[in-house]
Amino acid sequence: MKNAMELKEDLNPELRLLGIVVNQFNSQAKLPRELIEILKQQDLPVLESYISATVKVKESHSERMPLPFYLPKHKVTNKIAALFEELNASKT
């Protein structure tokens, strides 16, 4: 937050934090859930659309194709779409 506030102050007074994106999320591991809970306890805006860890993202990078085009029906593609919707809704 300190870095974001410095950026806002120094470079872009209109900068707004819409939320924290949880990326490479492993729902089966305890530590990621604990870290997310700590962020929420600090009243930081954690977005609800967590992007899961998957090798398919690396494969799409290797193919130089965004995941939604590489695997349009993949679970993470759906999460990316949900994240887009969530961010879009929070802009208003």
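Contact here means heavy atoms within 4.5 Å. Keep that in mind for the points below.

1. **What you are looking at.** This is a predicted model, where local features need pLDDT of at least 70, side-chain atom pairs count only at pLDDT 80 or more, and totals for chains, interfaces and linings use all residues. Residues are numbered from 1 along each chain as its sequence is written, and side-chain values use heavy atoms, with hydrogens and water left out.

2. **Ala53 and its partners.** Setting aside neighbours within four places in sequence, Ala53 touches Gln24 and Phe25. Ala53 and Phe25 sit 28 residues apart in sequence, yet their C-alpha atoms are 5.4 Å apart. Ala53 belongs to the loop between H2 and H3. Its relative accessibility of 42% makes Ala53 partly exposed; the scale is buried under 20% relative accessible area, exposed over 50%, and partly exposed in between, using a 1.4 Å probe and protein chains only.

3. **The overall plan.** How many helices and strands are there? The chain has five helices and zero strands, and along the sequence the pattern reads α-α-α-α-α. Helices (H or I, at least four residues) and strands (E, at least two) are DSSP runs, numbered from the N terminus.

4. **Overall dimensions.** The C-alpha trace spans about 40 × 30 × 25 Å along its principal axes. The radius of gyration is 15 Å, while a compact globule of 92 residues would come out near 12 Å. That radius is taken over C-alpha atoms, and the globule rule is 2.2 Å times the number of residues to the power 0.38.

5. **Surface and inside.** Of the 92 residues in the chain, 20% are buried. The accessible surface is about 7,100 Å², and carbon and sulfur atoms hold 55% of that. Accessible areas come from the Shrake-Rupley method with a 1.4 Å probe, and for residues only the protein chains shown count as cover. Among contacts in the chain with a separation of 6 or more, 54% join residues 24 or more positions apart.

6. Which residues make up the largest nonpolar core? There are six: Leu47, Ile51, Val57, Leu67, Val76 and Leu83. A nonpolar core is a set of buried Ala, Val, Leu, Ile, Met, Phe, Trp, Tyr and Cys residues joined through side-chain atoms within 4.5 Å. Apart from that core lies another, of five residues, including Phe25, Ile36, Val46 and Tyr50.

7. **Helix H5.** H5 covers residues 75–90, 16 residues in all, and reaches 23 Å from first C-alpha to last, close to the 22 Å expected at 1.5 Å a residue. The expected span is 1.5 Å times one less than the number of residues in the helix. Val76, Thr77 and Leu83 are buried in H5. Looking down the axis of H5, its buried residues fall within an arc of 115 degrees, so they line one face of the helix. The arc is that of the directions from the helix axis to the C-beta atoms. Those buried residues pack against helix H3 (55–62) and helix H4 (67–70). On the face turned away from the buried side, H5 carries the exposed residues Lys75 and Ala89.

8. **Helix H2 and what follows.** H2 (residues 30–41) has twelve residues and reaches 17 Å from its first C-alpha to its last, close to the expected 16 Å. Just after H2 comes Asp43, with a positive phi of about 60 degrees. Most residues other than glycine have a negative phi. Asp43 lies in the loop between H2 and H3 and is exposed, at 71% relative accessibility.

9. **Another positive phi.** Arg64 has a phi near 55 degrees, a positive value in a residue other than glycine. Where is Arg64? Arg64 sits in the loop between H3 and H4, and with a relative accessible area of 80% it is exposed.

10. **The loop between H1 and H2.** Leu18 lies between helix H1 (2–10) and H2 and is partly exposed, with a relative accessible area of 25%. Leaving aside neighbours within four places in sequence, Leu18 is in contact with Pro45, Leu47, Leu87, Ser90 and Lys91. Pro13 is also in the loop between H1 and H2, and at 62% relative accessibility Pro13 is exposed. The C-alpha atoms of Pro13 and Val55, 42 residues apart along the chain, are separated by 38 Å.
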